[in-house]
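Subject: Structure handover

Hello,

Here is the structure I said I would pass on. Please open it next to this message as you read.

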Amino acid sequence: MSSFHYKHEDLYAEDVPLSEIAYEYGTPTYVYSRNDIERAYRDFDHAFTDYPHSVCYSVKANSNIAVLNILANLGSGFDIVSGGELQRVLKAGGAPSKVVFSGVGKTKEELMFALKAGIGCFNVESPAELDLLECVGQEAGLIAPASVRVNPDVDAGTHPYIATGLKENKFGVSRPTAVSMYIKSRQMKYVNMIGIDCHIGSQITEIEPIIEAITEIKKIIDELASHGITLEHVDLGGGVGIRYRDEKPIPLPTYAEAIINAMGDHQHRLLFEPGRHIVANAGILLTKVQLLKKNHESSFAIVDAAMNDLIRPALYGSWQNVIEVKRRQKKQTLSIVGPICETADFFAHKRELAVEPGDLVAIEASGAYGFVMSSNYNSRNRAAEVIVSGSKHYCVRTRETIEHQLLLERTLPP
Ligand code: LLP
């Protein structure tokens with residue numbers, strides 16, 4: 001049901017041929033479907049039907065202000081991890097009261113900015129952060145709504161770089177520490193504990209670890225109740241996996257039902273911070289084949305995108321589908337690689353593709369953790385971003401130029 005589909009032999013985003021996007025804006029370019037973003041958000045939201053909940057889209061997955069604006073218009077809240085992300089949310093018209101702020105190393109300045117902006121909740125990740133938040137609140141004369149991020153020590157069964165709920169990870173705090181933070185906060189004038197939070201990892205495809213985390217959270221809630229402390233919400237973070245290759249993601253109705261059942265009679269408002277699920281399949285990276293090269297036994301398609309544009313394959317060894325923008329006959333086995341001088345600069349190994357120099361290919365499921373993780377490595381200009389809506393297309397981020405890159409640099413005085 002993706003909006004990226006073939007009409008005859010040509011790949012389209014909604015009603016726009018991708019060849020037209022390449023002609024108009026050049027390559028490499030990220031292309032997102034507005035329809036797919038909206039549908040993914042609504043699917044997530046509707047899965048919880050009338051159970052009290054809020055969806056706080058995780059800005060880090062794709063922080064383009066046009067994407068944030070689409071979601072803000074649907075009523076989404078936002079999960080942020082920096083002052084910069086909050087600036088983006090505000091610029092995109094997001095409601096500060098629907099923002100939750102996660103992260104192990106929030107600075108004093110970031111806490112102050114978010115507090116003055118009136119965000120909905122600070123997800124506090126350490127006793128030191130709790131003390132800092134109290135100081136910031138005192139300085140501002142404002143009370144900070146907060147929750148403690150718990151580290152439930154569960155294995156999310158995902159890539160080690162994106163698993164965050166194990167006790168050896170830097171995220172959250174153990175049950176005893178969490179309880180002591182809630183108790184301490186009762187003496188604080190400028191922190192008001194309203195919730196409890198956890199996020200055990202990303203690209204999760206099994207429900208069991210999530211249920212285990214809920215079990216741990218319920219234990220904490222019960223322990224707090226024995227101290228007379230009650231909370232309004234439980235934030236279960238993000239992490240819902242998608243299908244890149246042959247993964248079997250948890251169907252949203254199953255996810256929702258399992259969570260609601262696991263909550264049982266702990267009927268707190270639920271918060272979710274999905275990122276990947278909302279935007280990954282709504283985007284592709286459009287790139288052009290520069291040339292074909294045979295080296296010993298291997299054949300390569302060298303494209304004009306590189307690991308600086310999309311680092312997931314290099315960083316996590318992740319698999320993403322690559323498809324032709326114009327279908328041709330005569331497939332051959334090719335590795336799709338970029339022009340950067342690193343063997344890690346690849347998108348795909350040994351795929352069956354029918355392409356010739358000058359042809360376009362699309363790297364699928366690139367809407368999440370694509371552009372946001374891009375860099376200027378090799379002094380390459382970062383890609384343009386385009387949103388398609390029906391038969392219209394809009395450039396929502398201009399391709400960088402070398403002038404943009406050089407703007408912040410200077411040589412030493414003579
Ligand atoms: N909430 C918190 C506190 C998080 O740390 C994250 C992701 C999310 C929500 C959203 O998780 P999602 O629903 O997108 O799985 N760059 C990696 C993914 C890093 C995820 C970091 N945290 C990748 O490309 O796979």
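Below is what was found in it, taken one region at a time.

Please keep in mind that this is a predicted model.

Three strands make up an open sheet, in the order E1-E2-E3, with antiparallel pairing. Strand E1 (4-7) and strand E3 (16-17) are the edge strands; each has a single partner strand, so one side of each has no neighbour in the sheet. Between E1 and strand E2 (residues 10-13) there are four bridges, again in the antiparallel sense. To find this pairing on screen, look for Tyr6, which stands opposite Leu11 in E2.

Strands E9 and E10

Strand E9 (residues 144-149) and E10 run parallel and are joined by six bridges. Here Val148 stands opposite Ile196 in E10. Is E10 enclosed or open? Buried here means under 20% relative accessible area. Six of the seven residues of E10 are buried, so the strand is largely enclosed by the rest of the structure.

Regards

Definitions and conventions:
Residues are numbered from 1 along each chain as its sequence is written. This is a predicted model: local features need pLDDT of at least 70, side-chain atom pairs count only at pLDDT 80 or more; totals for chains, interfaces and linings use all residues. Side-chain values use heavy atoms; hydrogens and water are left out. Buried means under 20% relative accessible area, exposed over 50%, partly exposed in between (1.4 Å probe, protein chains only). Helices (H or I, at least four residues) and strands (E, at least two) are DSSP runs, numbered from the N terminus. Two strands pair if DSSP finds at least two bridges between them.
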